[in-house]
Amino acid sequence: MHLLAHVCLCLVVALHTVRSEVFTAMVELEKTLQTEQEIAILLKDYIESEEARLAHLKSLAEDYDRHSTFALENPDHFVGNPVNAFLLVKRFTVDWDKEFQFLKDNITNELVSTIEIKRQHLPDYEDLNGAAAALLRLQDTYQLDTADIARGEVGGVKTQELTAEECFELGRYAYTQRDFYHTIMWMQEALDQDARELNKTADRALILDYLSYAMSMQGNAHLALVLTNELLEIDPSHQRAKNNKFYFERMLEDEKFKGQKRGDTGLQRVKNPRNIDDYRNSEEFYAYESLCRGEDIMPIKNAHKLKCKYAWYGHPYLYLARVKEEEMHFDPWLVVYHDILSDNEMNFVKSFATPKLNRATVQNSVTGKLETATYRISKSAWLKDADHPILSRINKRIGTVTGLNVETAEELQVANYGIGGHYEPHFDYARKRKSTVLEQMVGNRIATFLFYMSDIPSGGATVFPYIGLKLFPKKGTAAFWYNLHKSGEGIFNTRHAACPVLVGNKWVMNKWIHERGQEFRRPCSLSSKL
């Protein structure tokens, strides 16, 4: 815009200059031609500048169109890959901030306003942090190699590679959480990627700055000094590096004074302990993560007696249309029903629930307020029986198959898991009973009916750490188990978890059935073992 004003000013000046009786001398006419040529050059320069600006805008538009068109050909497959999901979120946070300033300077205010409205549907920096945390969680749970993730190899699925700058973003997120274990892994990968890149995407000095400090915090003072010296070779005036060098040298002197040996300068010997809390260092959490990886941690008791059958249980409907029941465990009793939902039913439930989805919450045991759960990454929606005939039909089917009264049960809860979505080990029944009106009316959760409404290429299993059982989602199936003994006591071994989704888009639907109304369907027992 400024160039156009300059051109107009030059034209005015030129016209003003040639008004001094041009016709009286031929030489003046020659000057006119020269001025005309100068004007032509100015206009061409302006046109070239405009063409370059429009070319950049066109390139952005084509890039957005090409990227979204490819992804929308199979959105579940695309966003179901955690690397793709992370890069998509980064695309509209870190990368978007760089491009949007250019857009604001080069398009109309009306178009800027329209894009700002659309921006409400794009990810923000909280989403970026969540996506980064999810990738690190998946890396730990499934013991993924940093270099493999950077190459886009996750869960047997190949996607695009990460650049040095993208590896740096993951390392920087870990750094902000004071998670120096992951900081070192991802900053080192950023350095390796930077060394291979012809078109540099990251600032090597900045990577070295972060990595050297993380090294020192993990007890690698000598390596921190080596990295800082490399940083000072790139930028001798880097004041923080100068201060750090002095600090690291003092650390090494202290180590020498205490009789400690200097570590090798090679990063292959780096000390990088993973600092985790007591729970994540517990046997339960170890069992949970092992089962998530598909490992067998203990034999299933009486596994040779487990069988599949067409179940009836005396209901007239089941006599005509028996369900495919597969026994998974005897004590506690747990079965899986196959082909329990049709594709039409699942598609309806997902589309009906989507606009109602909200971030999963839990009640704070101290304040009583609902809070976002950090150990449960999903969005959920509650669907009433009266909302649609299909939902009513599904509820009746649950009652028919289980033989339980679903009139006192909770509404159907639909959940869609996010990037690396998971739900750490928990009980479905209430362990601390409260004498509330609702408790008196419906009692505790006696049983759980869990529908799987999508296939998961990798991860996302439901695991029971204390019996060594793992259930991998299969579209159209449902798991069923009792949470309470007939005495009303909770069954501890039903403690279970939803493993992080490694690759895929996980949809589930729960039905929690309560005690009241089951008096004649599942009679009580005085024995706590029944």
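**Strands, helices and loops of a predicted model**

Four of the five residues of strand β5 (residues 334–338) are buried, so β5 is largely enclosed by the rest of the structure. The model discussed here is predicted.

Reader: What makes a residue of this chain count as buried, and how much of the chain does so?

Author: A residue is buried when its relative accessible area is under 20%. Of the 530 residues of the chain, 47% count as buried. In strand β5, four of five residues do so, and this is why β5 is described as largely enclosed.

Reader: How do you know that β4 and β5 are paired, and in which sense do they run?

Author: Two strands pair if at least two bridges are found between them. Strand β4 (residues 323–329) is joined to β5 by five bridges, so by that definition the two are paired. They run antiparallel. One of the bridges can be located by its residues: E325 has Y337 in β5 as its partner.

Reader: What do β4 and β5 form, and how many residues are between them?

Author: The two strands form a hairpin, with four residues between them. The loop between β4 and β5 includes P332.

Reader: What is the omega of the peptide bond that joins D331 and P332, and what is the bond called?

Author: Omega is about 5 degrees, and the bond between D331 and P332 is a cis peptide bond. Most peptide bonds are trans.

Reader: Which strand is joined to β5 by four bridges?

Author: That strand is β16 (residues 478–482), and it runs antiparallel to β5. Four bridges meet the requirement of at least two, so β5 and β16 count as paired.

Reader: What is the order of the strands in the open sheet?

Author: Nine strands form the sheet, in the order β3-β4-β5-β16-β12-β19-β10-β9-β6, and the pairing is antiparallel.

Reader: Why are β3 and β6 called edge strands?

Author: Strands β3 (308–311) and β6 (358–359) each pair on one side only.

Reader: How many residues of β10 are buried, and which way do they point?

Author: Six of the six residues of β10 are buried, and the strand is described as mostly covered. L412, V414 and N416 point one way, whereas Q413, A415 and Y417 point the other way. In a regular strand the side chains alternate between the two faces of the sheet.

Reader: Which strands are joined to β10 by bridges?

Author: Six bridges join β9 to β10, and these strands run antiparallel. Strands β10 and β19 are also paired in the antiparallel sense, over four bridges.

Reader: Which helix lies across β9, and at what angle does the helix run to β9?

Author: Helix α16 (residues 343–353) lies across β9 (378–383), β10 (412–417), β12 (445–452) and β19 (507–514). The angle of α16 to β9 is about 105 degrees.

Reader: Why are α4 and α9 called roughly perpendicular?

Author: Helix α4 (residues 82–91) and helix α9 (residues 164–176) pack at an angle of about 90 degrees, with axes 12 Å apart. Angles of 65 to 115 degrees count as roughly perpendicular, and α4 and α9 are therefore given that description. Where they meet, F86, L87 and K90 in α4 are in contact with E165, E166, E169 and L170 in α9. By class, this contact of α4 with α9 has three nonpolar, no polar and four charged residues.

Reader: What makes R178 count as exposed or buried, and where does R178 lie?

Author: The relative accessibility of R178 is 53%; exposed means over 50%, so R178 counts as exposed. R178 lies in the loop between α9 and α10 (180–196). Its phi is near 55 degrees, a positive value in a residue other than glycine. Most residues other than glycine have a negative phi.

Reader: What is the phi of D339, and where does D339 lie?

Author: D339 has a positive phi of about 50 degrees although it is not a glycine. D339 lies in the loop between β5 and α16. Its relative accessibility is 53%, so D339 counts as exposed.

Technical notes:
Residues are numbered from 1 along each chain as its sequence is written. This is a predicted model: local features need pLDDT of at least 70, side-chain atom pairs count only at pLDDT 80 or more; totals for chains, interfaces and linings use all residues. Side-chain values use heavy atoms; hydrogens and water are left out. Buried means under 20% relative accessible area, exposed over 50%, partly exposed in between (1.4 Å probe, protein chains only). Contact means heavy atoms within 4.5 Å. Axes are lines fitted to C-alpha atoms, for helices over the stretch in contact, and angles run from 0 to 180 degrees between N-to-C directions. Angles under 35 degrees count as roughly parallel, over 145 as roughly antiparallel, 65 to 115 as roughly perpendicular and the rest as oblique. Ala, Val, Leu, Ile, Met, Phe, Trp, Tyr, Cys and Pro count as nonpolar, Asp, Glu, Lys and Arg as charged, and the others, Gly among them, as polar.
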